[in-house]
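Colleague: I am new to reading structures and would like to go through one slowly with you. Could we take it feature by feature, with the general idea before the case at hand?

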Amino acid sequence: MEALFIYGLTIGALLFLLALGLTLIFGLLDVINFAHGALYMLGAYIGYTFVTIIGNYWVTVLIVPLALAVIGGLIEIIALRPLYKKSILYQLLLTFGLTLIIHDLIKMFWGTNQLPFETPEIFYGAISIFDVLIPNYRIFVIVFVTFLVIAMGLFLQKTKVGILIRASSANRKMAAALGVDVKRVFTGTFALGTGLAGLSGIIAAVTFPVNPGMGAMVLVDCFIVVVLGGLGSFKGALLGALLIGEARAFGDYYLPEYASFVIYVLMGCVLLLRPRGLFGEMRVHK
Amino acid sequence: MKSVNIVIGVILAVLLYLFPIISPSSFLTYLLTQIFIFGLFAIGYDLLLGYTGMLSFGQAGLFGIGAYTCTILVKNYSCSLSLALLIAIIITCGASIVIGFISIQTSGIYFAMLTLVFGQLIYEISLKAVKLTGGADGIVGVPRSTFFFIDMSSDSTFYYLTLSLLVGFFLLSRILILSPFGQVLRAIGANEERTRLLGYRTKNFKLIVFCISGILAGLAGGLFAPFLGCSAPALSHWSISGDVVMMTLIGGKGTLIGPILGSAFIHILKDVIGSYTEYWMIIFGLIFVIFVLLVPEGIVGLLKSIVSTKELR
């Protein structure tokens, strides 16, 4: 039981990291990034290559998010920026098109077989907490994500850049009128979001299978998380991620065949009762 | 519709009907049949995205339901293709009502996300319900059976069947769009809030158009499985939704003829590029992105603007 609960927390933490990137981008750009799953997958694959070349997991954890952030920034500047003035439909279509490209690029460079991602030595072994054995890796993920989320919170609340991001999300035109370089804030936020996707990818690669199906799977879970929690709400994303993480962990154990369906039914019910999600607000168009 | 367009359309249809007689190339007949089947699928998608402005990323799920229903009926219960298609349509319609009813509670981004989630749910079912669907291996050896007592096993009869269905449903969709019902759909596409305030129950209209689109997806799936001779989870994979989105947008959304051209464009290109590399999705993705950025009206829009600039001169 306790072990399952911790396992659920691990999945939840990873999902929250992904949902955080999605929510940040949505808060500012009003766009859901359909390529988020593909970028997460790209993070895992690039991470795999780096780990096999350098052999150091920690350096990789540092490099991969940076690489993904650069890719994200380029995507925003080249592809998304020209579309801001058009209907949101085209922005969604664009990120969907990017998914197709990234997906096949990955197949081309790394093939379709599952990659043997070796667990770094530091994560061998387990700790006993209250007589329950918990693998070190799971503890690491939970602690790491907790710190990261606190750091992100402080960054958004206290630093100047964070305040600029929040100001631009609250009112893009007013921020621009007050002299904020909104274009740069957009690029930066998109890069931050994709960087977080890459980070989740490299962390997930340690225990979850690295194959071309991982992106779509995680994207669907991530969508369920934000739809459940309410799009654009950090609190909602956190609650949604924990709920789905636990549902996956317990579902996989007790109802291995139907675990996914439990989640889909849960989402369907919430939506019928509260179409905006648990913490969702009616959004006014900026 | 201008009379010139009608003349061109009729000539094109006649040529296509004569095609298997003029050119007995079995390869081209095969390619064209594929184009027709996905043309049907894309017409339905155009009603949804092009006219009503509903962006769904989960149509492959409905396509897969049609394919599996037809496959199981024809193979395990020796149904005729006509009956199997009818039942496939009914079942897909039922699934569309359930998925549509939940998804339509939301709109825009939420709708796109939910349809993707449901599409993936059907994909998972097709992988996991091994007894029904054969799991990852799928079901092979699907006979083409008979359509109203006509043997469908030869490629040319199947060609005529799909072509006739495509022409029939194209005309029906055309009538639908020009009808008062279609006008409301366009109004929803232009501004849903305003249409609702004019007194139309927009949710009902959206659910109906989602079902029509689902029926066409199911019909296309039901044709595609016997045509290939097999059903596999890949038929409900999200990349099939991607295909239909690309066809509709590259061909020109909101034109009905555009999606058929898009289907032709993608299948022909897939064939050409496919002989060099199996990673054609990268090139398609790039073409798609370029269309989204620079030619959002698609091929038909491009042709229209060329014609109108010529007329101005």
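Colleague: What percentage of the 286 residues of chain A count as buried?

Modeller: Please keep in mind that this is a predicted model. A residue counts as buried if 20 or more other C-beta atoms lie within 10 Å of its own, and in chain A 49% of the 286 residues count as buried.

Colleague: Which radius of gyration does chain A have, and what would a compact globule lead us to expect?

Modeller: With 286 residues, a compact globule would have a radius of gyration near 19 Å, and chain A agrees with this because its own value is 19 Å. Along its principal axes, the C-alpha trace of chain A spans about 60 × 50 × 35 Å. Of the contacts in chain A with a separation of 6 or more, 74% are accounted for by residues 24 or more positions apart.

Colleague: How many helices and strands does chain A have?

Modeller: Chain A has 11 helices and two strands, and reading along the sequence gives the pattern α-α-α-α-β-β-α-α-α-α-α-α-α.

Colleague: How far apart are the end C-alpha atoms of helix α5 of chain A, and what span should we expect?

Modeller: The idea is to count 1.5 Å a residue, so the 23 residues of helix α5 (residues 136-158) of chain A should span 33 Å, and the 32 Å between its end C-alpha atoms agrees with that. The buried residues of α5(A) are Arg138(A), Val141(A) and Val145(A), and what covers them includes α1 (2-29), β2 (132-135) and α8 (182-204) of chain A.

Colleague: How many of the 16 residues of α9(A) are buried?

Modeller: In α9(A), 15 of the 16 residues are buried, so this helix is largely enclosed by the rest of the structure. Helix α9 (residues 214-229) of chain A reaches 22 Å from its first C-alpha to its last, close to the 22 Å expected at 1.5 Å a residue. Just after α9(A) comes Gly230(A), which takes a positive phi of about 105 degrees.

Colleague: Let us turn to the two chains together. How many residues of chain B are in contact with chain A?

Modeller: The size of an interface is often given as the accessible area lost when the parts come together. Here we can count residues instead: 32 residues of chain B are in contact with 33 residues of chain A. On the side of chain B that touches chain A, α5 (109-128), α11 (238-251) and α13 (280-294) of chain B each supply at least two residues, and α5(B) gives the most, with 11 residues. By class, that side of chain B has 24 nonpolar, six polar and two charged residues.

Colleague: Which residues have the most contacts inside the largest nonpolar core?

Modeller: The largest nonpolar core has 196 residues, and those with the most contacts inside it are Ala19(A), Leu40(B), Phe41(B) and Ala220(B). The element that gives the most to this core is α1(A), with 17 residues. Leaving aside its neighbours within four places in sequence, Ala220(B) is in contact with residues including Ile37(B), Phe38(B) and Phe63(B).

Colleague: Is Thr133(B) buried or exposed?

Modeller: Thr133(B), found in helix α6 (residues 130-133) of chain B, is buried, because 23 other C-beta atoms lie within 10 Å. Thr133(B) and Thr71(B) are 62 residues apart in sequence and 9.2 Å apart in space, C-alpha to C-alpha.

Notes
Residues numbered from 1 in each chain as written. Chains lettered and ligands numbered in written order. Predicted model: local features only at pLDDT ≥ 70, side-chain atom pairs only at ≥ 80, totals over all residues. Contact = placed C-beta atoms within 7 Å. Helix = DSSP H or I, 4+ residues; strand = E, 2+ residues; numbered from the N terminus. Nonpolar A, V, L, I, M, F, W, Y, C, P; charged D, E, K, R; others polar. Expected span 1.5 Å × (residues − 1). Buried ≥ 20, exposed ≤ 12 C-beta atoms within 10 Å, placed from the backbone. Rg over C-alpha atoms; globule rule 2.2 N^0.38 Å. Core = buried A, V, L, I, M, F, W, Y, C linked by C-beta atoms within 7 Å.
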